[in-house]
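Look at the structure below and keep it open as you read. This report moves through it part by part.

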Amino acid sequence: MLADVLTGLHATPRRIPSKYLYDAEGSRLFERITQLDAYYPTRTERRILATHLSTIAARIGPDAVLIEYGSGSSAKTRLLLDALGSSLAAYVPIDIAEDILLHSADTLRQAYPGLRIRPVAADYTQPHVVPDDPDHRRKRVVFFPGSTIGNFEPHEAQRFLAHIAELVGPGGGLLLGADLKKDPDLLQRAYADDLGVTAAFNRNLLVRLNRELDADFDLDRWAHRAVYDADHGRVEMHLVSTTRQTVHIAGRAITFDQGETILTENSYKYDVEDLINLAALAGMTHVQTWTDARGWFAVLYLEA
């Protein structure tokens with residue numbers, strides 16, 4: 001984390017990888033964000049999954065190993081687990097927030113006592129180990145919901161999808177959730193709510209750096225900003241320095257001018273055709289797409 005933060009804060013523009021937003025408190029705040037009226041992606045995706053559940057379950061098929069990246073509380077996954085029941089060979093949730101991951105896994109074990117649940121605490125953007133399947137012939141399917149694919153730069157997203165294709169192997173699948181391009185005002189409101197929950201989520205990153213990297217960020221000197229960049233098709237989330245200040249991180253001094261920002265997250269929005277083309281470049285074939293009636297969100301099934 002220290003290496004990533006120092007490298008990012010000396011870059012132009014200054015940035016910190018969005019994965020560090022998700023400590024235990026960050027994950028809790030994000031769960032609150034997903035329940036806000038303005039934040040449509042979670043409930044829209046869940047509605048798509050619920051509406052087309054039988055078809056999606058058929059695509060995954062029986063006796064598959066379901067691997068979820070960024071599982072968090074595994075709330076959406078319960079729809080799939082209910083539909084697939086004991087026909088799944090195993091469920092492997094992978095998340096960087098270990099406490100929430102293990103708590104969720106224990107809760108799921110009680111709800112699905114016949115299902116093998118093998119949680120992995122890891123940064124899934126880095127090399128990691130997926131538990132071995134005794135029967136290597138079983139189909140692997142990755143579940144990657146929440147439009148987290150949008151947090152990658154497009155070239156990084158292609159590389160990440162190629163990694164998934166290699167992980168699941170020929171015939172394996174990816175169930176991918178992605179936020180689609182739409183009215184910028186809707187996007188803006190989704191990332192800058194009136195209640196300030198998203199602002200608290202963003203500033204919690206500084207709380208984490210103070211705690212874990214011996215930094216001395218003064219939260220009162222930092223403001224949340226979310227803007228839609230139409231040229232790049234992405235929402236940008238920033239922390240804005242409200243005054244000229246010097247911050248220390250692990251003994252290193254970094255000076256910020258008034259108005260200077262730290263980019264904490266990009267969230268790219270796609271057209272379905274863009275996603276299909278991106279997957280093709282990564283060695284995955286488009287099989288089926290499901291969207292909501294307004295065309296705000298898409299769930300795709302891709303095959304390696």
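A polar contact is a pair of N or O atoms within 3.5 Å. Within protein, one atom must be able to donate a hydrogen and the other to accept it. Keep in mind that this is a predicted model.

**A buried lysine**

Start with Lys19. A polar contact of 2.6 Å joins its side chain to that of Asp123. Lys19 is found in the loop between helix H1 (2-9) and helix H2 (24-33). Is Lys19 buried or exposed? Its relative accessible area is 17%. Buried means under 20%, so Lys19 is buried. Leaving aside residues up to four places away in sequence, Lys19 touches Asp4, Ile96, Asp123, Thr125, Gln126 and Arg208.

Thr285 has Glu303 in E12 as its bridge partner. For Thr291, the bridge partner in E12 is Ala298. E11 and E12 form a hairpin, with five residues between them. Gly295 sits in the turn and has a positive phi of about 70°.

Now pick out Val299. It lies in strand E12 (residues 297-303). Its relative accessibility is 1%, so Val299 counts as buried. Which residues does Val299 touch, not counting those up to four places away in sequence? They are Glu45, Ile48, Leu49, Leu175, Leu176, Gly177, Gln288, Thr289 and Trp290. Leu9 is another matter. The C-alpha atoms of Val299 and Leu9 are separated by 35 Å, and the two residues are 290 residues apart along the chain.

**Helix H4**

Helix H4 covers residues 53-60. Its buried residues are Leu53, Ile56, Ala57 and Ile60.

What covers the buried residues of H4? The cover includes two helices, H3 (41-51) and H5 (77-84). It also includes strands E1 (65-69), E4 (140-144), E5 (173-179) and E11 (285-291). Just after H4, Gly61 takes a positive phi of about 85°.

**Aromatic rings**

A pair of aromatic rings is described by the distance of the centres and the angle of the planes. How many aromatic pairs does a search of the whole structure find? The search finds 15. Two of them are set out here.

| Pair | Centre to centre | Angle between planes | Type |
|---|---|---|---|
| Tyr69 and Tyr124 | 5.1 Å | 20° | stacked |
| Tyr124 and Phe160 | 5.8 Å | 45° | tilted |

Take Tyr69 and Tyr124. Tyr69 lies in strand E1, while Tyr124 lies in the loop between strand E3 (120-121) and E4. The pair therefore ties together parts that are 55 residues apart in sequence. Tyr69 counts as buried, at 1% relative accessibility. Tyr124 counts as buried too, at 15%.

Then take Tyr124 and Phe160. This pair also links distant parts of the chain. Tyr124 is in the loop between E3 and E4, and Phe160 is in helix H7 (residues 154-168). They are 36 residues apart. Phe160 has 5% relative accessibility and counts as buried.

Elsewhere, rings gather in a group. Tyr22, Phe30, Tyr39, Tyr191 and Phe201 form one aromatic cluster.

**Charges over rings**

Arginines also meet rings here. Arg14 lies over the face of Phe256, at 4.7 Å from the ring centre. Arg294 has its charged end over the ring of Trp296, 3.6 Å from the centre of that ring.

How values were computed:
Residues are numbered from 1 along each chain as its sequence is written. This is a predicted model: local features need pLDDT of at least 70, side-chain atom pairs count only at pLDDT 80 or more; totals for chains, interfaces and linings use all residues. Side-chain values use heavy atoms; hydrogens and water are left out. Buried means under 20% relative accessible area, exposed over 50%, partly exposed in between (1.4 Å probe, protein chains only). Helices (H or I, at least four residues) and strands (E, at least two) are DSSP runs, numbered from the N terminus. Contact means heavy atoms within 4.5 Å. Rings of Phe, Tyr and Trp (its six-membered ring) pair if their centres lie within 6.5 Å; planes under 30 degrees apart count as stacked, over 60 as edge-to-face and the rest as tilted. A charge sits over a ring if NZ of Lys or CZ of Arg is within 6 Å of the ring centre and within 35 degrees of the ring normal. Two strands pair if DSSP finds at least two bridges between them.
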